[in-house]
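I opened this entry to look up the ligand site and the pocket around it. My notes follow the model.

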Amino acid sequence: MIVGATRWEVVTGDITRSATDAIVNAANNSLLGGGGVDGAIHRAAGPELLAECRTIGGCPTGEARITRGYDLPARYVIHTVGPVWNGGGRGERDLLAGCYAHSLDLARRHALRSIAFPAISTGVYAFPKDQAAGIAAAAVASALRRDPEAFDFVRFVCFDDSTTVLFEAAVRDAACDDQ
Ligand code: AR6
């Protein structure tokens with residue numbers, strides 16, 4: 001898919017292997033590591049990542065913070081904190097959209113041209129995957145529309161094929177709306 005000057009793709013795989021300028025981490029408020037994709041990123045980046053995260057002092061839900069990527073192929077890690085799904089009445093959708101928007105904004109401000117996202121909040125935080133896919137795609141499409149030259153490449157990295165199917169459909173819809 002092409003939106004503005006940006007190539008946008010959905011793949012199944014392990015985000016720690018993405019050699020993009022930045023990969024996004026689905027972290028928690030402490031930014032001090034955890035399970036899921038957070039644990040995988042810290043293992044692959046090495047202990048210096050945790051040392052840098054300790055200097056940040058946490059991150060509110062829906063916002064994002066940036067560190068270096070250390071032993072990862074990606075140069076930077078953008079740590080964002082997705083909402084825990086509580087039925088949808090506690091601002092979860094806006095907070096999730098904020099994760100994508102703030103991550104892209106941080107990347108743009110650091111002149112990073114390529115970025116890979118996991119399916120934020122869809123694991124331990126239990127956000128329904130079909131809704132998460134729609135929110136993720138709409139938030140990315142809106143950022144790309146606002147600044148069509150900012151990125152060469154945006155990738156959604158899903159961990160299993162059923163999630164990839166949902167994100168592919170959502171990206172197609174969002175990119176069509178964008179034309
Ligand atoms: N590459 C890509 N996607 C992955 C990978 C990977 N290596 N590993 C898991 N996923 P989760 P959350 C997918 O639970 O729901 C942590 O403990 C996974 O299948 O990692 O935002 C944090 O510290 C799912 O679709 O993140 C927080 O406490 C998606 O990544 C909490 O979990 C997100 O699942 C955050 O929960």
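Which atom of the ligand does a backbone N or O atom of isoleucine 15 lie 3.0 Å from? I found a nitrogen atom of the ligand at that distance from the isoleucine 15 backbone. I note here that the model is predicted.

A backbone N or O atom of glycine 35 lies 2.7 Å from an oxygen atom of the ligand. For tyrosine 125, a backbone N or O atom lies 3.0 Å from an oxygen atom of the ligand.

Next I took the shell. The ligand is surrounded by 21 residues, and I listed Asn28, Gly35, Val37, Asp38 and Thr122 as the closest. Sorted by class, the shell holds 10 nonpolar, 9 polar and 2 charged residues. Both β3 (22-27) and α1 (36-45) supply at least two residues of the shell, and α1 gives the most, with 4 residues.

Last, I turned to the pocket. The ligand takes up the space of the largest pocket, for which I have a volume of about 580 Å³. I noted 27 lining residues, with Ala26, Gly36, Val37, Asp38 and Gly123 nearest the pocket centre. The lining splits into 13 nonpolar, 10 polar and 4 charged residues. At least two lining residues come from each of β3, α1 and β7 (153-158). α1 gives the most to the lining, with 4 residues.

Definitions and conventions
Residues numbered from 1 in each chain as written. Predicted model: local features only at pLDDT ≥ 70, side-chain atom pairs only at ≥ 80, totals over all residues. Heavy atoms only, no water. Near = heavy atom within 4 Å. Polar contact = N/O pair within 3.5 Å; in protein donor to acceptor, adjacent residues only side chain to side chain. 1 Å grid on protein atoms, 1.4 Å probe; cavity = no way out; pocket = protein on both sides within 12 Å on 5 of 7 lines; lining within 4 Å. Sits in = over half its atoms within 2 Å of the grid points. Nonpolar A, V, L, I, M, F, W, Y, C, P; charged D, E, K, R; others polar. Points joined across faces, edges and corners; volume = space filled by probe spheres on them.
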